[in-house]
Amino acid sequence: MDCRDAYLKTEALAKTFSDGALAAVRRISLEIRRSEIFCLLGPSGCGKTTTLRLLAGFEKPDAGKIFLEGKDITDSPPEARNIGIVFQDYALFPHLNVLENIAFALWSHPRKARKAMAKDFLEMVGLSDFASYMPHEISGGQQQRAALARALAAEPKILLLDEPFSGLDTRLRQSVREETRNLLRERGTTCILVTHDQEEAMSFADRIALMNEGLIEQTGVPEDVYAAPSNPFVAQFLGRTNLIEGLANGLNADTPIGIIPIDKSTSGHVLLSLRPEHIVLEPANSSQQSGILVRREFKGHDMTHWVKFGDTDIQVDTDFTCTFDAGTPVLLRIRKAATVLSRTEP
Ligand code: ADP
Ligand code: MG
């Protein structure tokens with residue numbers, strides 16, 4: 001990305017807590033565009049919350065810089081940054097009702113106008129009927145929507161969402177997530193969502209950054225990162241995959257499952273990622289290199305099969321038409337070239 005496009009930019013942010021043995025954040029460089037919905041995805045403890053707290057100004061980085069609209073805000077106090085943040089636990093003021101919670105964020109507007117404005121924000125998140133309720137009198141999903149309305153009412157330059165949906169049950173999570181995304185889009189709000197849920201990240205974000213141990217491993221459009229993970233961590237964290245060793249020769253590699261196509265021409269030892277849905281199971285005849293179907297798992301919408309080739313176990317996803325039973329010899333047909341992974345650190 002051309003850095004002139006960057007609305008929020010960080011350069012090699014680093015943070016080690018005084019009582020921490022390891023750095024929480026080692027080198028985080030991000031460039032986020034105006035109105036972009038960006039997602040930081042990574043396992044628990046990889047430094048996502050610390051990154052957001054650095055952006056919001058609640059923590060001071062040991063090294064690195066933060067720019068918002070080209071202005072260096074690294075040393076600005078939180079209240080001067082105009083960056084909003086919503087946490088997993090909603091954090092509404094318990095002693096104020098829902099409307100008052102929203103009105104609180106409108107302190108910079110004339111007192112008389114606040115109530116009407118707060119009502120507009122409540123309507124926007126579908127909570128008009130709950131204006132006079134106290135936070136403990138509404139459901140988790142409603143509290144989260146109220147927290148979002150309060151954050152939006154402050155008209156932040158950028159909104160940071162720290163696992164805001166993870167406290168909600170599956171079905172509610174999906175609908176609140178969708179409503180939130182629509183709202184951000186309509187308003188053109190620039191947003192960074194933090195999550196450890198890969199499905200949430202892929203469906204919510206314009207671009208995602210995969211984080212691991214305080215570093216960003218790969219950034220890109222979800223489809224692109226899924227299709228071409230750059231290393232084993234990304235391949236395994238974003239979706240499921242088979243990691244296979246092989247000996248490359250041009251656009252093919254010799255592997256324990258046979259000679260398979262690979263996505264770039266190379267030679268020598270390679271580590272490959274082959275997605276379970278990119279393989280088709282076929283009946284084996286004795287003259288071919290076959291594996292044994294050892295186990296199958298029925299999941300309703302699809303099935304996962306485990307096929308053994310010597311010491312190598314391969315997962316294959318199929319639809320309901322696949323009727324091979326455990327113990328059957330099978331062949332693998334590869335529908336999409338395996339991705340050659342890098343073994344080095346980013
Ligand atoms: P995530 O949000 O991805 O789960 P965090 O940013 O919360 O990760 O934490 C990253 C690492 O920093 C973890 O090892 C965590 O224990 C440590 N950490 C986070 N906050 C503090 C703190 N205030 N003091 C000491 N260590 C911390
Ligand atoms: Mg966290």
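Helices (H or I, at least four residues) and strands (E, at least two) are DSSP runs, numbered from the N terminus.

A polar atom of the Thr10 side chain lies 2.8 Å from the backbone oxygen of Ile28. Apart from neighbours within four places in sequence, Thr10 is in contact with Ile28, Ser29, Leu30, Leu55, Lys65 and Ile66, where contact means heavy atoms within 4.5 Å.

## Basis of the values

The model is predicted: local features need pLDDT of at least 70 and side-chain atom pairs count only at pLDDT 80 or more, while totals for chains, interfaces and linings use all residues. Residues are numbered from 1 along each chain as its sequence is written, chains are lettered from A and ligands numbered from 1 in the order in which they are written, and side-chain values use heavy atoms, with hydrogens and water left out.

## The chain as a whole

The chain has 346 residues, of which 49% count as buried. Its secondary structure comes to nine helices and 18 strands. Along the principal axes, the C-alpha trace spans about 85 × 45 × 40 Å.

The accessible surface of the chain is about 17100 Å², and 50% of this belongs to carbon and sulfur atoms; accessible areas come from the Shrake-Rupley method with a 1.4 Å probe, and for residues only the protein chains shown count as cover. Among contacts with a separation of 6 or more, 65% are between residues 24 or more positions apart.

## Ligand 1

The residues around ligand 1 are Phe17, Asp19, Ala24, Pro43, Ser44, Gly45, Cys46, Gly47, Lys48, Thr49 and Thr50; a residue is included if one of its heavy atoms lies within 4 Å of the ligand. By class, this shell has four nonpolar, five polar and two charged residues. Ala, Val, Leu, Ile, Met, Phe, Trp, Tyr, Cys and Pro count as nonpolar, Asp, Glu, Lys and Arg as charged, and the others, Gly among them, as polar.

Oxygen atoms of the ligand lie 3.1 Å from a backbone N or O atom of Gly47, 2.9 Å from a polar side-chain atom of Lys48, and 2.8 Å from an N or O atom in the side chain of Thr49. The protein covers 59% of the 560 Å² of accessible area that ligand 1 has on its own.

## Helix 1

Helix 1 (residues 48-56) is largely enclosed by the rest of the structure, because seven of its nine residues are buried. The buried residues are Lys48, Thr50, Thr51, Leu52, Leu54, Leu55 and Ala56. Lys48 and Thr50 also belong to the residues around ligand 1, and Leu55 is one of the contacts of Thr10. Gly57 follows the helix and has a positive phi, near 95°.

## Strand 17 and its partners

Strand 17 (residues 329-334) runs antiparallel to strand 13 (residues 279-283), and five bridges join them; two strands pair if DSSP finds at least two bridges between them. Within this pairing, Glu282 stands opposite Leu331. Strand 17 also runs antiparallel to strand 14 (residues 291-298), with two bridges. Here Ile292 has Pro329 as its bridge partner.

The loop between strand 16 (312-318) and strand 17 holds Asp325. Leaving aside neighbours within four places in sequence, Asp325 is in contact with Leu293 and Arg296. Asp325 and Ala248 are 77 residues apart in sequence, and their C-alpha atoms are 33 Å apart.

Asn82 is not a glycine, yet has a positive phi of about 60°. It is found in the loop between helix 2 (78-81) and strand 6 (83-86), and it is partly exposed, with a relative accessible area of 34%.

Glu213, also not a glycine, has a positive phi of about 45°. This residue lies in the loop between strand 9 (207-212) and strand 10 (215-220). At 53% relative accessibility, Glu213 counts as exposed.

## Gly140

Gly140 lies in helix 5 (residues 140-153) and counts as partly exposed, at 26% relative accessibility.

Note on methods. A polar contact is a pair of N or O atoms within 3.5 Å; within protein, one must be able to donate a hydrogen and the other to accept it, and residues adjacent in sequence count only if both atoms are side-chain atoms. Buried means under 20% relative accessible area, exposed over 50%, partly exposed in between (1.4 Å probe, protein chains only).
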